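Q: Hi! I've got a structure open here and would like to walk through it with you. Shall we start with a single residue and work outwards?

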Amino acid sequence: MKIWICPGSFDPVTMGHIDIIKRARKMCDHLIIAIGVNDEKKATFTFDERKEFVEKCTKDMDNVEVDTFEGLLINYASKKKATAIVKGLRAISDFEYELQMALLNKKLDEKIETVFLMTSINYSHLSSSAIKSIAKYDGEIKGLVPDVIHDDIYLKLKKGK
Ligand code: ADP
């Protein structure tokens, strides 16, 4: 059974993430979207909100599960018996960091591969932080986040202004 993990902070989930999830789920038997606690990044949305958003967006994807993890990703991946970690790549700036992480993870557990999917051209400019800036300053985020969570995201970001 090919189990893949798609990790990230998903703060919040964007069309760029969904594109990677849709493509990755066709390449494995079971895809776990793993929302991590990352001490270095201060999240805007709570853990529960981020999980609920991803769940709403993936509820019709039958081989996709949403989970959360703390600590080292590679330990979580091996506990879940994952064969690969899948990540999206947007730009050269993503590449340097991702290469280092992939090599470190390989050293920690050589059985788990890291698979990279190139961003789709329509989403190459998209990041969670861009969404937050646009909404905060009254910009339109329709088309950048899935429609089912658009209002939830917009309201929360406007309130926090
Ligand atoms: P970010 O890097 O925007 O803070 P995450 O930490 O949630 O987002 O990222 C989770 C994964 O999704 C990472 O592998 C990241 O490179 C990928 N990703 C995020 N946005 C995009 C996008 N627009 N296109 C392709 N991959 C993306």
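Q: Let's begin with Ile74. Where is its place?
A: Happy to! This is a predicted model, and in it Ile74 sits in helix α3, which spans residues 73-79.

Q: Is Ile74 buried or exposed?
A: Ile74 is buried: its relative accessible area is 3%, and under 20% counts as buried.

Q: What does Ile74 touch, leaving out residues up to four places away in sequence?
A: With those set aside, Ile74 touches Ile85, Asn105, Leu108, Asp109 and Ile112. For Asn105, 31 residues from Ile74 along the chain, the two C-alpha atoms are separated by 6.1 Å.

Q: Switching topic: which helix holds Thr58?
A: Thr58 is in α2, the helix of residues 47-58. Thr58 counts as buried, because its relative accessibility is 4%.

Q: What is Thr58 in contact with, beyond its neighbours within four places in sequence?
A: Thr58 has contacts with Ile21, Ile33, Val64 and Val66. One of these, Ile21, is among the buried residues of α1.

Q: What covers the buried residues of α1?
A: The cover includes β1, β2 (30-36), α2, β3 (64-69), β4 and β5.

Q: And what goes on at the start of α1?
A: There, a side-chain oxygen of Thr14 comes to within 3.1 Å of the backbone nitrogen of Gly16.

Q: Time for the ligand. Which residues come nearest?
A: There are 17 residues around the ligand, and the nearest are Phe10, Gly88, Arg90, Thr119 and Tyr123.

Q: Which elements each supply at least two residues of that shell?
A: Those are β1 (3-8), α1 (15-25) and β4 (84-89). α1 gives the most, with three residues.

Q: How does the shell around the ligand split by class?
A: Five of the residues are nonpolar, eight are polar and four are charged.

Q: Which polar atoms lie 2.9 Å from an oxygen atom of the ligand?
A: A polar backbone atom of Phe10 is at 2.9 Å from a ligand oxygen, and a polar side-chain atom of Arg90 is likewise 2.9 Å from an oxygen atom of the ligand.

Q: What about a nitrogen atom of the ligand?
A: A ligand nitrogen is 3.0 Å from a polar backbone atom of Leu126.

Q: How much of the ligand does the protein bury?
A: The protein buries 89% of the 540 Å² that the ligand exposes when taken alone.

Q: Last stop, α5. Which of its residues are buried?
A: In α5 (residues 128-136) the buried residues are Ser128, Ile131, Lys132 and Ala135.

Q: Why do they fall on the same side of α5?
A: They cover an arc of only 95° around the axis, so they end up on the same side of α5. An α-helix has 3.6 residues a turn, so residues three or four places apart point the same way.

Q: And what follows α5?
A: Asp138 follows α5, and its phi is positive, near 70°.

Methods:
Residues numbered from 1 in each chain as written. Predicted model: local features only at pLDDT ≥ 70, side-chain atom pairs only at ≥ 80, totals over all residues. Heavy atoms only, no water. Near = heavy atom within 4 Å. Polar contact = N/O pair within 3.5 Å; in protein donor to acceptor, adjacent residues only side chain to side chain. Areas by Shrake-Rupley, 256 points an atom, 1.4 Å probe, with all protein chains shown as cover. Helix = DSSP H or I, 4+ residues; strand = E, 2+ residues; numbered from the N terminus. Nonpolar A, V, L, I, M, F, W, Y, C, P; charged D, E, K, R; others polar. Buried < 20%, exposed > 50% of the residue type's maximum accessible area, 1.4 Å probe, protein only. Arc of directions from axis to C-beta. Contact = heavy atoms within 4.5 Å.
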